[in-house]
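Please open the model in your viewer and keep the selection tool at hand. The stops below can be taken in order, and each one says what to select and what is found there.

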Amino acid sequence: MKRVLITGKNSYVGNSFADWVKDDSDINVEKISLRNGSWRKKDLSEFDVVLHVAGIAHQKETKENKDLYYQINRDLTIELANKAKAEGVSHFVFLSSMSVYGIDTGVIDENTPLKPNTNYGKSKLEAEKAISTLESSSFNIAILRPPMIYGKGCKGNYIRLSKLARKSFIFPNIPNKRSMIYIDNLSMLIKEILIAEFYGLILLQNKEYVSTSEMVKLIAKEADKKIIMTKVFNPFVNVLISKSKIVKKIFGDLIYTDNLVKQKEFNKIGLIDFKKSIRLTEE
């Protein structure tokens, strides 16, 4: 049995994973908060894995909170990883982000440079680089860079799209492609990573790319809302994609290439398909 310490008692990913494996005989989890200094007294030697998902995200970045991103996402991660290594933990799994690439549209492959343009992305990348230096034969580090995460109770862009789908009666039919991951799929893959002790850089996503228009259509369907999908606005939207960051995030392409997402080691057959994931999220 894997003994797993999850950091972040209020973490969406951490709580979702803990709920996913609550009846699993292969994994025993304990959650701990890093909000105060009491965690520094915690004996980590009793754990096989530290799943570090605590962090700051989904907040509007300002000059006032800039330092907070680095204190929490970078400095706290480094301190925790050092403590885990010193106390004999053999596996450290860090939840980073697609944001480390710093692009809103395009195709991310093995040649895409790491140029984050937000404090969130920069702090995550700096944490990645720092903890990677700690890796040894007895201390394996897995760095996960998921794309947009969605699911029941999630925060962020999905909630905005869901509200939009429920209010709109017409929506642009743009055949874009986005890399995303449903929360239960992420939990499944994290379990595989922990059980098999995978390490190194791991990029995760659903089995299929997601079209924003298709997502809105499915959300509306689950809400019994009739919505007209039209291509009439496409020329106007395509112009705005190059000018508006918001429109770019909604309708632009942003994907990991399949050859970059090396999930051959994982049992992808069991992943939940896109249509079912929306139904489970909206039910």
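Which helix supplies the largest share of the positive patch? The largest share, three residues, comes from H4. Before selecting anything, note that this is a predicted model, in which local features need pLDDT of at least 70 and side-chain atom pairs count only at pLDDT 80 or more, while totals for chains, interfaces and linings use all residues. Residues are numbered from 1 along each chain as its sequence is written, and side-chain values use heavy atoms, with hydrogens and water left out.

**The positive patch**

Select Arg160, Lys163, Lys167, Lys245 and Lys249, which together form a positive surface patch. Patches are made of residues with over 30% relative accessible area and no salt bridge, like charges being joined within 9 Å and nonpolar side chains (Val, Leu, Ile, Met, Phe, Trp, Tyr) within 5 Å. Lys and Arg count as positive and Asp and Glu as negative, with His and the chain ends not counted, and the place of a charge is taken as NZ of Lys, CZ of Arg, CG of Asp or CD of Glu. Helix H4 and helix H8 (245–251) each supply at least two residues of this patch; helices (H or I, at least four residues) and strands (E, at least two) are DSSP runs, numbered from the N terminus. Lys249 is found in H8, and Lys249 counts as partly exposed because its relative accessibility is 39%, where buried means under 20% relative accessible area, exposed over 50%, and partly exposed in between (1.4 Å probe, protein chains only).

**The nonpolar patch**

Next select Phe169, Ile170, Ile228, Val232 and Phe233, which make a nonpolar surface patch of about 490 Å². Accessible areas come from the Shrake-Rupley method with a 1.4 Å probe, and for residues only the protein chains shown count as cover. Phe169 lies in the loop between helix H4 (157–167) and strand E8 (170–172), and Phe169 counts as exposed because its relative accessibility is 60%.

Now select strand E6 (residues 140–144), where five of the five residues are buried. Is each face of this strand covered or open? Both faces of E6 are covered, with Asn140, Ala142 and Leu144 buried on one side and Ile141 and Ile143 buried on the other.

Phe94 has Ile143 in E6 as its bridge partner.

**Salt bridges**

How many salt bridges does the structure hold? There are eleven salt bridges in the structure, each being a side-chain nitrogen of Lys or Arg within 4 Å of a carboxyl oxygen of Asp or Glu.

Select Glu79 and Arg40, which form a salt bridge with the closest N and O atoms 2.6 Å apart. Glu79 lies in helix H2 and Arg40 in the loop between strand E2 (27–32) and strand E3 (49–52), so the pair ties together parts that are 39 residues apart in sequence. Glu79 is partly exposed at 32% relative accessibility, and Arg40 is partly exposed with a relative accessible area of 41%.

Move on to Glu87 and Lys83, whose side chains meet in a salt bridge (2.6 Å, N to O). Glu87 is partly exposed, with a relative accessible area of 26%, whereas Lys83 is buried, with a relative accessible area of 13%. A further selection of Arg74, Asp75 and Glu126 shows a network of salt bridges.

**Loops to finish with**

Most residues other than glycine have a negative phi. Select Glu197, in the loop between helix H5 (183–196) and E10, which has a positive phi of about 60° although it is not a glycine. Asp224, in the loop between helix H6 (212–222) and strand E11 (228–230), likewise has a positive phi, of about 55°. Glu197 is partly exposed, with a relative accessible area of 35%, whereas Asp224 counts as exposed at 76% relative accessibility.

Terms used: Two strands pair if DSSP finds at least two bridges between them.
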